[in-house]
Amino acid sequence: VSFAYESMFPELWVISMLVAITIALVTFLLTRNLQRVPNRVQTFLEMVYSFFDNFVHELIGDHYKRYVPLVGTIFIYVLLLNLSGLIPGWASPTANINIPAGLALVVVLYVQYEGIRVNGLKGYLMHFVGDPWWLGPLNVPIHVIGEVARLLSLTIRLFGNIFGEDVVIVILIFLAGMFTKGFIPFQAPMYLLAIFSSFVQAMVFSILTCVYIALMTTHEHEHEHGHGEHGHEEHGVYHDGHAPAPAV
């Protein structure tokens with residue numbers, strides 16, 4: 001019976017769903033009574049949002065707003081999945097390669113969607129063809145391999161670090177029990193390192209998500225912005241409506 005339940009509801013899947021439900025429930029409870037004059041909880045939430053807002057803006061650019069919820073959710077979700085392994089009896093879902101691979105697949109597919117939405121299907125395909133167009137037969141395979149490499153990079157980086165931490169903690173617990181009967185917790189310093197590394201890995205995953213989005217979408221916006229400035233300069237007028245100063 002226990003094997004049947006475990007096969008239907010794997011532990012890592014259950015923990016991942018509990019973390020996701022907890023994030024959704026806590027977010028709902030903390031944001032349902034927002035006030036114009038914020039209390040302490042609302043002030044803390046606004047500080048967290050401001051951090052992610054500035055973080056995403058710096059990495060993606062002026063068209064960043066629609067990506068703040070995605071990046072913020074990824075950071076919080078990955079962080080809590082990493083830290084859940086520190087709870088006695090639990091394991092870090094990100095220490096199983098399936099969970100990082102699923103998260104990475106979501107990010108890579110979303111980046112492709114944004115590439116089509118921002119650039120159009122033709123512009124998206126031309127991104128793979130490159131410039132000049134006649135190098136397309138060489139550029140297309142390189143770009144496709146690059147997209148697959150992003151998937152592998154996100155997956156292996158997160159999985160390898162968290163899996164390594166969990167293995168070291170288990171080994172130290174075993175050694176503490178074998179040599180000191182558990183009186184000296186050899187694994188205690190590793191917990192501090194695991195907490196720090198969990199933050200770092202969540203941050204790296206979020207940074208790479210922003211970088212991939214920026215690489216797929218920023219160039220189109222920069223082109224439009226630069227074209228607009230060039231057009232105003234050709235007519236001798238800047239955006240503020242004033243003519244340029246004469247050269248000396």
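## Helix α4 against helix α5

Helix α4, which covers residues 68-83, packs with α5 at an angle of about 175°, and their axes lie 12 Å apart in this predicted model. Since angles over 145 degrees count as roughly antiparallel, α4 and α5 are therefore roughly antiparallel to each other.

The residues that meet are L70, I74, Y77, V78 and L81 in α4 and I99, L103, V107 and Y110 in α5. Sorted by class, this contact of α4 with α5 consists of nine nonpolar residues, with no polar and no charged ones.

## The bend in helix α5

Helix α5 runs over residues 98-129, and although it has 32 residues, its end C-alpha atoms are only 32 Å apart, which is short of the 46 Å that a straight helix would reach at 1.5 Å a residue. A kink of about 115° is present in α5, and it is centred on G120. Just after α5 comes G130, which takes a positive phi of about 80°.

## Helix α5 against helix α6

Helix α6 covers residues 136-180, and it packs with α5 at an angle of about 155°, with the two axes 9 Å apart. That angle makes α5 roughly antiparallel to α6, and α5 passes α6 in a right-handed crossing.

On the α5 side the contact includes L103, V107, V108 and V111, as well as H127, F128 and V129, while among the α6 residues that take part are G136, V140, V144, R150, L154 and F159. By class, the contact of α5 with α6 has 16 nonpolar, six polar and two charged residues.

Conventions: Residues are numbered from 1 along each chain as its sequence is written. This is a predicted model: local features need pLDDT of at least 70, side-chain atom pairs count only at pLDDT 80 or more; totals for chains, interfaces and linings use all residues. Side-chain values use heavy atoms; hydrogens and water are left out. Axes are lines fitted to C-alpha atoms, for helices over the stretch in contact, and angles run from 0 to 180 degrees between N-to-C directions. Helices (H or I, at least four residues) and strands (E, at least two) are DSSP runs, numbered from the N terminus. Angles under 35 degrees count as roughly parallel, over 145 as roughly antiparallel, 65 to 115 as roughly perpendicular and the rest as oblique. A crossing is left-handed if the near helix is turned anticlockwise from the far one by less than a right angle, and right-handed if clockwise. Contact means heavy atoms within 4.5 Å. Ala, Val, Leu, Ile, Met, Phe, Trp, Tyr, Cys and Pro count as nonpolar, Asp, Glu, Lys and Arg as charged, and the others, Gly among them, as polar. The expected span of a helix is 1.5 Å times one less than its number of residues. The bend at a residue is the angle between axes fitted to the seven residues ending there and the seven starting there.
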